[in-house]
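My notes follow the model.

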Amino acid sequence: MNSHSLPSYPTQWTRYSSGQRLLRFALYLLFIAAIVQSARTVDVIPEFLYDAPEQMADLLHRMWPIDWASFQGDISRALIETLHMATLGTLLSVVLAVPVGLLAANNLTPNRGLNMLARFILVSSRSINSLVWALLFIAIFGPGAVAGTMAIAFRSIGFVGKLLGEAIEEAQPGPVEALTATGASLSSVIQYGYWPQIRPAFWSIVLLRWDINVRESAVLGLVGAGGIGMALNSAMDLFQWDRVALILVLIFAIVILAEIIITRSRRHLL
Amino acid sequence: MANVGAPAKTDSVPFALSWKARAGGILVVIYAIYASTQLGFSWSRFQSGIDLGARFLSRLFPPSIERLDVLWQGIAESLEIAVLASTLGILLSLPISLLGARNLMPAWATWPSRAIVALCRALHPVIVAIIFVKAVGFGALAGVLALTVASIGFIGKLFTEAIEEISLKQVEAVRASGASFANVIVFAVMPQVFARFVGFSTYQLDSNLRNSTMVGIVGAGGIGGTLFSAFQRFDYDFVCTILLTIIAIIMAGEILARMVRAILLDNASISDLLRRKPQRLKDEPGEDA
């Protein structure tokens, strides 16, 4: 009947068009080139590699009777300090990130310029690793837990603000419009229109970030920003491997503890 | 009828906070004050910090461009570490996560591989790097191994979960046709999880790129060592150069990751890549970044 109007389809089925295939091929080539180039030029000293098992055995041997006795005093204090750093840093980051998150959400702040500014703050906070933030704050506040707390707070702004902004953007406009129609002020709109909708997301973001911060705060001491990492660093510098073993076990323990707390409070709060 | 518009006077605030929420808020404030005294926060320190911060910022600029060869050497090593660690991590986590999937494997196979993944996830990459520095000496190899461990922990966990979520109908269909075990994996399991696997892998490549600039702080190769020593020698203008380079590389890495996802998952052609920027971020877990 209407055979004249059919366009000419290819007779053979191909999964990808030639352009797609070319692009895939280029990508694979790029991967292989990068891997080969890296493997060729990376600096590996074979002698070090051969005695790695020996060194590892030596390390474990030196670590073995774990120095439980040294837990009292410095190390327990450092452990508490680590937890304080993580918690206070998270609190501070929430206080700092909420305004940025509100500004980053396009439905709450319908201003492209402010959105871009807020996003820029969030991206720069996330692009800099927490260890680098720690180094920067050590240059400002001097070594110690203050620098570590500030580093954690500033590193977390990006994470909390980004996820919070996304949660606000996903909020249903219905309740917000209803409130706006009654002439509610901006703070009321946020408090009664947005907050009930983003509350579960908010708590899970904060808890998740706290969990990450507990892990990270254990490392910050390596550059001198306080916490258990400092004890780890000094124990390694003095080759007290049995103390190092104790500290590693403790870090492992608080990571597990944090995970348990997270699971419990998630059930409670959400 | 005269004052319909005026609000009715009530004593209670609507939707007032429960006493539990109030108590929680007060506790948080008390804790914050207590913890900040414990950690040595004080107003005088803050004020002197502002002065020092201003001086520090003025010394960051202008960035130094004197030792570009040192910079390039460190950056190249960081990139090599990231590429090799991602490759090794992806290759190793594939079999581990296949073995760890409870819906495909018996319990004696899933337990060991789940334990490996949990162990790899437990410690921060920098701490793992310390252990590898002791085992294989200073240099890039320790960084590669540390980040490989981190990659196995991350991809292994998420990929195991992805495999456990597949639909078993296709597996049964392929098995019913008399396919071997390898065929079941290749034709029934992999097509269902390939997209997510690419998502996790590109995310991990991105994250390895960030971490490869850090492991140098403990002597595991890359630009981190250069950065740390520049900090210790108060070469703040060189620090600024390094930081700007790292940020540029991370942004380039993000663009690359997005392109990889567009090409492999959305079957983008060249014109698609030039026309629009596809946003496929749903598979990315929000961790670390």
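Which residues touch the most other members of the largest nonpolar core? I found A:Ala134, B:Ala129, B:Phe132 and B:Ala146, in a core of 140 residues. A nonpolar core here is a set of buried Ala, Val, Leu, Ile, Met, Phe, Trp, Tyr and Cys residues joined through C-beta atoms within 7 Å. Buried means 20 or more other C-beta atoms within 10 Å, exposed 12 or fewer, partly exposed in between, with C-beta atoms placed from the backbone. Helix α6 (residues 140-164) of chain B gives this core the most, 16 residues. Helices are DSSP runs (H or I, at least four residues), numbered from the N terminus.

I noted how the entry is set up. The model is predicted: local features need pLDDT of at least 70, side-chain atom pairs count only at 80 or more, and totals for chains, interfaces and linings use all residues. Residues are numbered from 1 along each chain as written, with chains lettered from A and ligands numbered from 1 in written order.

I then checked B:Ala146. Beyond its neighbours within four places in sequence, its contacts (C-beta atoms, placed from the backbone, within 7 Å) are B:Pro125, B:Val128, B:Ala129, B:Phe132, B:Val215 and B:Ala220. A second, separate core of 5 residues includes A:Leu23 and B:Leu264.

Next, the interface. I see 55 residues of chain A in contact with 50 of chain B. Helix α1 (residues 18-41) gives the most to chain A's side, 10 residues.

Last, phi. A:Phe239 has a positive phi near 55 degrees. A:Phe239 sits in the loop between α10 (228-237) and α11 (241-269) of chain A. A:Phe239 counts as exposed because it has 9 C-beta neighbours inside 10 Å.

Terms used
Two residues are in contact if their C-beta atoms, placed from the backbone, lie within 7 Å. Helices (H or I, at least four residues) and strands (E, at least two) are DSSP runs, numbered from the N terminus.
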